[in-house]
Amino acid sequence: MEIKWSASPNYREGRNGYSPIIIVNHITAGSFPGCLSWMCNTEAQGSAHFLVTKSGEIYQLVDENNTAWANGYIEGASVDLDLVLQGINPNYYSLSIEHEGQPGDTMPEEQYQATLWLHNYLINKYNIIIDNNHIIGHYRLDSVDRPNCPGSGFPWDRLFTDLTTQEVDKMLEQWQIDLGTKSVNELAQKGLIKNPEDAIKELADSIPAWKLYTLINRIYTK
Ligand SMILES: [Zn+2]
């Protein structure tokens with residue numbers, strides 16, 4: 001997927017020494033493109049790193065190395081995280097994603113696929129932990145003023161299921177490669193294959209299990 005830039009002036013340079021450790025999801029409560037131009041207007045005094053539209057477009061407004069003004073207040077929080085419990089401004093250690101829509105809306109499939117992709121991208125880039133203390137809604141930081149951000153329509157269950165499944169698939173893929181590499185090296189030591197580097201290279205490219213077994217079978221029957 002493509003991330004389009006629409007720079008907002010509403011940010012603070014740098015992250016005050018913090019790194020991103022949480023993803024905070026929001027709802028615009030307004031339609032695109034108005035919500036984008038508003039967040040790019042200095043009068044708004046607010047922004048987010050990303051905006052995902054209903055049609056599945058992804059806009060980036062603030063560089064991830066900078067602090068977006070998305071969720072700076074903590075009031076009635078329900079996040080079990082030291083930085084939050086200490087009351088440190090969450091903007092410093094969060095990546096914020098706005099979603100076009102109203103709090104009760106059912107998220108269109110295009111928008112869901114785009115935000116799923118964006119979550120995966122950010123999780124891999126920043127090693128964000130996949131749990132409900134690190135991938136949260138704005139209301140989890142401020143349940144007083146933002147109880148409906150992103151609101152009841154946000155697909156939390158589906159998002160966590162899909163993110164976890166993709167994480168498990170990634171682990172299985174690495175496990176297959178590690179196991180296959182070990183087998184290839186053992187076979188090479190026994191003199192059963194001549195070019196272990198080529199075989200390992202082929203293994204590293206092979207993602208589905210059937211390819212790995214095909215390769216091992218091919219080696220064994222040589
Ligand atoms: Zn919000």
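This is a predicted model: local features need pLDDT of at least 70, side-chain atom pairs count only at pLDDT 80 or more; totals for chains, interfaces and linings use all residues.

**Helix against helix.** With that, I looked at H3 and H4: their axes come within 11 Å and cross at roughly 45 degrees. Angles under 35 degrees count as roughly parallel and 65 to 115 as roughly perpendicular, so H3 is oblique to H4. The crossing of H3 and H4 is right-handed. I listed who makes the contact: Leu-116, His-119, Asn-120 and Ile-123 from H3, and Leu-159, Asp-162, Leu-163 and Gln-166 from H4.

I picked Arg-158, which sits in helix H4 (residues 156-189). Is Arg-158 buried or exposed? I found 12 C-beta neighbours inside 10 Å, so Arg-158 counts as exposed. I also checked Arg-158 against Pro-20: they are 138 residues apart in sequence and 23 Å apart in space, C-alpha to C-alpha.

**The sheet.** Next I traced the strands. Six of them form an open sheet in the order S1-S5-S4-S7-S3-S8, and the pairing is mixed. S1 (3-5) and S8 are the edge strands, each pairing on one side only. From one strand to the next, the twist averages 30 degrees. A reminder from class: strands of a sheet pair through backbone hydrogen bonds, either parallel or antiparallel.

I went through some pairs:
- S4 and S5 (residues 58-60) run antiparallel, joined by three bridges. Phe-50 has Gln-60 as its bridge partner in S5.
- S3 pairs with S7 in the parallel sense, over six bridges. Ile-27 has His-99 as its bridge partner in S7.
- S3 also pairs with S8 in the parallel sense, over three bridges. Val-24 has Ile-136 as its bridge partner in S8.

How many of the residues in S3 are buried? Six of its six, so I wrote it down as mostly covered. In a regular strand the side chains alternate between the two faces of the sheet.

Another class reminder: in soluble globular proteins, nonpolar side chains tend to be buried together. The largest nonpolar core here has 26 residues, and Ile-23, Ala-48, Phe-50 and Leu-51 touch the most other members. Among the elements that supply at least two residues of this core are strand S3 (22-27), strand S7 (94-99) and helix H3 (109-126).

Where are the cis peptide bonds I noted? One joins Phe-32 and Pro-33, with omega about 5 degrees, and Pro-33 is in the loop between S3 and H1. Another runs from Cys-149 to Pro-150, with omega near 5 degrees, and Pro-150 is in the loop between S8 and H4.

I noted positive phi values too. Asn-16, a residue other than glycine, has phi near 55 degrees, and it is in the loop between S2 (11-12) and S3. Gln-45 also has phi near 55 degrees, and it is in the loop between H1 and S4. Gln-45 has 9 C-beta neighbours inside 10 Å, so it counts as exposed.

Methods: Residues are numbered from 1 along each chain as its sequence is written. Helices (H or I, at least four residues) and strands (E, at least two) are DSSP runs, numbered from the N terminus. A residue is buried if 20 or more other C-beta atoms lie within 10 Å of its own, exposed if 12 or fewer, and partly exposed in between; C-beta atoms are placed from the backbone. A nonpolar core is a set of buried Ala, Val, Leu, Ile, Met, Phe, Trp, Tyr and Cys residues joined through C-beta atoms within 7 Å. Two strands pair if DSSP finds at least two bridges between them. Axes are lines fitted to C-alpha atoms, for helices over the stretch in contact, and angles run from 0 to 180 degrees between N-to-C directions. Angles under 35 degrees count as roughly parallel, over 145 as roughly antiparallel, 65 to 115 as roughly perpendicular and the rest as oblique. A crossing is left-handed if the near helix is turned anticlockwise from the far one by less than a right angle, and right-handed if clockwise. Two residues are in contact if their C-beta atoms, placed from the backbone, lie within 7 Å.
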